[in-house]
Amino acid sequence: FDLVEKFAGYGFNKSHSAAYALVSYQTLWLKTHFPAEFMAAVMTADMDNTDKIVTLVDECHNMRLTIIPPDVNTGQYRFTVNEEGHIVYGIGAVKGVGEGPIEAIIEARDAGGPFRDLFDFCNRVDIKRLNKRVMEKLILAGALDKLGPHRAALMASLEEAMKAAEQKAKAQARGQDDLFGDLFGGDDDAVLPSPSFADVAEWPDKVWLEGERETLGLYLTGHPINMYLAEMKYYTSGKLSEVHPTERGKTATVAGLVIAARTLVTKRGTRMGVLTLDDRSGRLDVTLFSEALERYENLLEKDRILVVTGEVSFDDFSGGLKMSAREMMDIADARGRFLRGVRLQLSADRLDTEFFRRFDEIMRPYRAGICPVQVCYRKPGVQASLQLGTEWRVTPTDQLLDDLRMLLGKQNVALIFE
């Protein structure tokens with residue numbers, strides 16, 4: 001202690017300490033009285049550092065601040081605050097979208113007002129400054145969500161919209177008048193019928209969330225855990241926010257998305273695993289000691305959904321809770337253990353040769369599983385339920401369920417637990 005005390009007398013310059021103290025006070029005052037503006041400024045300062053943005057977005061949620069996803073109709077290059085006090089995500093934080101394309105977007109928006117749809121957007125923005133790759137990044141990030149029915153339709157219609165814009169730009173460069181412009185008297189786009197969007201199914205949650213992570217570095221408008229919430233109550237003791245320390249010898253079961261995972265070697269030379277689970281209600285650090293690590297090391301992978309059973313205790317270091325894992329399984333194994341079957345609702349008007357061909361094509365790779373398939377058939381005045389034969393039992397993976405929901409509709413595919 002004497003050495004520490006001596007060092008404190010000269011090792012850290014006192015004027016430097018005073019400056020730090022003043023800046024700390026000023027930033028704390030700003031964060032307290034202007035929280036949205038302060039966090040928008042901090043995120044703008046670190047907008048090139050995706051890892052830092054992820055941490056700051058978490059802090060905004062903890063402060064109960066609303067973050068508006070990137071939007072070409074309201075956003076700027078930097079993070080800003082709107083009249084409602086909400087933080088508007090900076091378009092400049094979208095990976096692969098530089099300052100030049102964003103300047104082109106803002107110039108067109110300032111000149112002609114908000115964009116009506118994707119075709120109007122491509123028509124008005126200088127398309128030479130926004131190539132197809134940039135446009136795709138904007139769609140994946142959700143920046144064009146208000147310009148079309150959904151992201152899958154925007155992506156499927158992008159090529160047609162850009163071709164139409166390029167043709168118009170070439171015609172204008174040659175000094176040619178548009179035929180429809182002559183017919184309707186002038187070049188007012190408002191009188192022209194808007195081209196229609198491609199008729200395609202919406203992306204599954206997993207696809208559009210992965211697009212957000214690819215372009216923003218985080219899940220902004222949803223969370224991968226959301227699609228599992230309905231079934232997780234059958235696997236777990238409750239949400240992570242509801243977990244309490246367990247008595248010695250007793251366990252709790254939790255589930256969540258692995259947001260960090262690593263292995264390390266202790267001072268005694270033994271290996272152990274450490275992972276962090278997140279279910280959007282909270283987070284929990286999980287430790288796997290040597291025996292558990294040996295059994296479950298293949299599951300220690302970021303972005304997996306895991307169901308973990310173990311003892312929960314206070315963590316003196318972090319001040320929160322921690323779990324010592326005894327048993328671990330991924331979502332597919334959990335379904336195999338708890339699921340009683342898959343129920344499909346079919347209506348007579350959907351059943352034709354093409355439907356049965358597509359149904360067989362979807363089911364074939366997942367047959368020879370252990371999960372029964374139940375079909376509920378409906379037509380006017382008639383309803384029946386039957387269970388398909390054992391040769392139609394399936395392995396209920398996410399891909400199978402996503403494909404069935406796209407074929408039948410989300411409301412017509414259900415998991416049976418009881």
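R64 is exposed (over 50% relative accessible area, with buried under 20% and partly exposed in between, for a 1.4 Å probe and protein chains only), at 78% relative accessibility. The model is predicted, with pLDDT of at least 70 needed for local features and 80 or more for side-chain atom pairs, while totals for chains, interfaces and linings use all residues. Residues are numbered from 1 along each chain as its sequence is written, and side-chain values use heavy atoms, without hydrogens and water.

R64 lies in the loop between α4 and β1 (67–68); helices (H or I, at least four residues) and strands (E, at least two) are DSSP runs numbered from the N terminus. Most residues other than glycine have a negative phi.

| Residue | Phi | Relative accessible area |
|---|---|---|
| R64 | near 60° | 78% |
| D303 | near 80° | 29% |

D303 is partly exposed and sits in the loop between α12 (290–296) and β7 (305–314).

Of its 27 lining residues, V54, D58, I259, D278 and R283 lie nearest the centre. Helix α4 (50–62), β4 (252–265) and β5 (271–278) each supply at least two lining residues, and α4 gives the most, with eight.

Note on methods: 1 Å grid on protein atoms, 1.4 Å probe; cavity = no way out; pocket = protein on both sides within 12 Å on 5 of 7 lines; lining within 4 Å.
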